[in-house]
Amino acid sequence: YNSAVYGISTGDVHSYQRAVSHSRKLQTKYTLSALTQYHPENSIYTEEHMMTLTLFVRVMHLDKPQQCINILENRSRKTSVQNSLIDFSEELFGPLDYRVISLYEILGICKERTGCYDEASAVLKKCLQRLRSPFIDEKQRDPHQIFAILDRLIQVYLLSEKFTAALETAEDQHNHCLNSEVPHLIAQSLCNIARAKMCLNQNDSQDQKVDSKVSSTSVLSDFKKALDVACRCFGVESVRHAEVLTFIGSYHRAMQNHDTAVKTFAKALSIYESCFGSNHPEIVKLYCSIASVWNDCNSHERAMPCLTSGLEISVKCCGPQAELTIHCQELLAQLHASIGRVDSAIDIYQYLLDVRETSLGKYHQSTIETLFKLATLFRMRGSFNESLTLYQLCEKLYEMTTAAGNPKVANSLKGIGMCKAELGQTSEAIKYFKQ
């Protein structure tokens, strides 16, 4: 796992691929080892079994989040064991031990990856409380870990559209950088503040006038401060500088400054290529960003080669079923749909649906969203019966997995109504539209 992280951070693609391949082989070994060491008649874990499962969740939490949640929280166990892995670790090491806090951090990451954002934020906040406890050993209080958990918490708040909480957490992260031994991360904290402000500024659900504190001018000012810090501390050809440029490019895209966005992304791309070479995940992300800008302004002929290049690199450096590769394929499908190649888009989405059902499960929000987009493409093609079946399935899955009154349920009902109307079932269509 550490070798894989090292490979990503340094751009050593071969090291990354070897590490990922090895960790996948070990997955089976760890699972079998855990099963053979586990004794159902015991009321607690053995220490050896606990260590085996801890290794498993550390290696596999990004690829198998739901399975890791089951282990960490003791879900779906047909045994007499009452304690979860986290509970047993707390009993063995104590609640403030770094190993226990790390398990909670992994649980928070798994919750985020399975779309349980409220649960993820609650777990990550518990991690922060323990790391900042006055009773914790100072040697175990890692400022970098605190920064990383705050960073993860900001992402969870942004994903769940809790933008005010995201801004407050980003400001907390910035103060943490100023007051601890991580001044080199100040630029990233300023970017997080700017991103949260940008989301607040764009939030259509806010009826009141936008506060000057989160205005476009304030957002751009924060990004410029971050750029200044990155250049001063790391240099104009550094990875940190490229990271800030990527955020600024996203800001210009949101503001529909298309030319400026493309130029900013291209500058970041040039820096990453000089640091990492041409085969690196960050290169893929920037190709996708540039393609998205061209797609926004209907320059499809410019977007297509960017996405094709990004997809080829992603398959090489991450693998054919990696999340980044799937993201590239999704953008490619959207582009095909935009230029009228609906059949090609349907083929891609059917493949993506199979991949996501296998890796994430059918109840994951990403899987259901893929199903919804596939239903929309069938409707665009005029296959209303197929589309109706998929919309109905989306409506049931969203009812099961989201809170009451979620707009995603309404969108599914609207899709059902549109299909019913096209099939001549007007009275039923009206009923669904009213719902």
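**Exercise 1.** In this predicted model, determine how helix α9 (residues 163-179) and helix α10 (residues 186-202) pack against each other.

*Solution.*
1. The axes of α9 and α10 lie 8 Å apart, and the packing angle is about 165 degrees.
2. An angle over 145 degrees counts as roughly antiparallel; therefore α9 is roughly antiparallel to α10.
3. The handedness of the α9 and α10 crossing is left-handed.
4. The contacting residues of α9 include Phe 163, Leu 167, Ala 170, His 174 and Cys 177. On the α10 side, those in contact include Ile 186, Leu 190, Ile 193, Lys 197 and Leu 200.

**Exercise 2.** State the span of helix α7 (residues 117-131), identify which of its residues are buried, and find what covers them.

*Solution.*
1. Helix α7 comprises 15 residues, and the distance from its first C-alpha to its last is 21 Å, close to the expected 21 Å at 1.5 Å a residue.
2. The buried residues in α7 are Ala 120, Ser 121, Val 123, Leu 124, Cys 127, Leu 128, Arg 130 and Leu 131.
3. An α-helix has 3.6 residues a turn, so residues three or four places apart point the same way.
4. Among the elements that cover the buried residues of α7 are α5 (85-93), α6 (98-113) and α8 (143-159).

**Exercise 3.** Locate Ser 89, decide whether Ser 89 is buried or exposed, and name the backbone oxygen that its side chain reaches.

*Solution.*
1. Ser 89 belongs to helix α5.
2. Its relative accessible area is 2%. Buried means under 20%, so Ser 89 is buried.
3. The side chain of Ser 89 reaches the backbone oxygen of Leu 85 at 2.8 Å.

Definitions and conventions. Residues are numbered from 1 along each chain as its sequence is written. This is a predicted model: local features need pLDDT of at least 70, side-chain atom pairs count only at pLDDT 80 or more; totals for chains, interfaces and linings use all residues. Side-chain values use heavy atoms; hydrogens and water are left out. Helices (H or I, at least four residues) and strands (E, at least two) are DSSP runs, numbered from the N terminus. The expected span of a helix is 1.5 Å times one less than its number of residues. Buried means under 20% relative accessible area, exposed over 50%, partly exposed in between (1.4 Å probe, protein chains only). Contact means heavy atoms within 4.5 Å. A polar contact is a pair of N or O atoms within 3.5 Å; within protein, one must be able to donate a hydrogen and the other to accept it, and residues adjacent in sequence count only if both atoms are side-chain atoms. Axes are lines fitted to C-alpha atoms, for helices over the stretch in contact, and angles run from 0 to 180 degrees between N-to-C directions. Angles under 35 degrees count as roughly parallel, over 145 as roughly antiparallel, 65 to 115 as roughly perpendicular and the rest as oblique. A crossing is left-handed if the near helix is turned anticlockwise from the far one by less than a right angle, and right-handed if clockwise.
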